[in-house]
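The sequence and the model are shown first.

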Amino acid sequence: MGSYMLLCNFTDQGVRTIKDAPKRRAAAREMAKKLGVEIKTAYLAIGPYDLLIHVEAPDDERLATYLLSLASKGNVRTTTVKVFSEAEVDKIVSAVA
């Protein structure tokens with residue numbers, strides 16, 4: 001499973017309907033589960049992004065399907081960063097020539 005950080009900003013629609021955020025969060029988790037994506041943690045943030053969400057997905061294609069499905073709802077825009085655990089970094093670094 002690959003790990004990713006979703007750096008999210010609310011759209012105008014997402015802010016206008018912010019009181020629906022708990023329902024949208026539950027729906028986003030259910031949609032992720034159906035697509036084989038697991039939401040590990042999610043944070044409301046202060047700064048350049050409104051939400052930070054750590055997810056795991058079996059492959060980039062499945063994550064892309066989830067991101068497009070999420071975006072199609074019109075409440076958030078995402079920037080995605082693939083991240084590596086400390087154990088994965090140690091393995092990568094040990095292979096450096």
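How do the residues of the lining of the largest pocket divide into nonpolar, polar and charged? They divide into 15 nonpolar, one polar and four charged. Here Ala, Val, Leu, Ile, Met, Phe, Trp, Tyr, Cys and Pro count as nonpolar, Asp, Glu, Lys and Arg as charged, and the others, Gly among them, as polar.

The model is predicted: local features need pLDDT of at least 70, side-chain atom pairs count only at pLDDT 80 or more, and totals for chains, interfaces and linings use all residues. Residues are numbered from 1 along each chain as its sequence is written, and side-chain values use heavy atoms, with hydrogens and water left out.

**Chain**

The protein chain holds four helices and four strands, in the order β-α-α-β-β-α-β-α from the N terminus. These elements are DSSP runs numbered from the N terminus: helices are H or I with at least four residues, strands are E with at least two. Along the principal axes, the C-alpha atoms fill a box of roughly 50 × 30 × 15 Å. Of the 97 residues, 27% count as buried, meaning under 20% relative accessible area with a 1.4 Å probe and protein chains only. Among contacts (heavy atoms within 4.5 Å) with a separation of 6 or more, 68% are between residues 24 or more positions apart.

**Sheet**

The four strands form an open antiparallel sheet in the order β2-β3-β1-β4. Two strands pair if DSSP finds at least two bridges between them. β2 and β4 (76-83) are the edge strands, each pairing on one side only. Direction ignored, neighbouring strands are turned by 20° against each other on average; the axes are lines fitted to C-alpha atoms, and angles run from 0 to 180 degrees between N-to-C directions.

| Strand pair | Bridges | Sense |
|---|---|---|
| β1 and β3 | seven bridges | antiparallel |
| β1 and β4 | eight bridges | antiparallel |
| β2 and β3 | six bridges | antiparallel |

Individual bridges can be located in the model. Y4 has V55 of β3 as its bridge partner, and S3 has E56 of β3. L7 is bridged to T79 in β4, while A42 is bridged to I53 in β3. Five of the seven residues of β3 are buried, so this strand is largely enclosed by the rest of the structure. In the hairpin of β2 and β3, six residues lie between the strands, and G47 takes a positive phi near 140°.

**Largest pocket**

A pocket is an open set of points on a 1 Å grid over the protein atoms alone, where a 1.4 Å probe fits, with protein on both sides within 12 Å along at least five of seven lines. Lining residues have an atom within 4 Å of a point. The largest pocket holds about 490 Å³ of space, the volume being that filled by probe spheres set on the points. Its lining has 20 residues, and A21, R24, R25, A28 and L51 lie nearest the centre. Two or more lining residues come from each of β1 (2-10), α2 (21-34), β2 (38-44), β3 (51-57) and α3 (60-71). The largest share, seven residues, is from α2.

Technical notes: Buried < 20%, exposed > 50% of the residue type's maximum accessible area, 1.4 Å probe, protein only.
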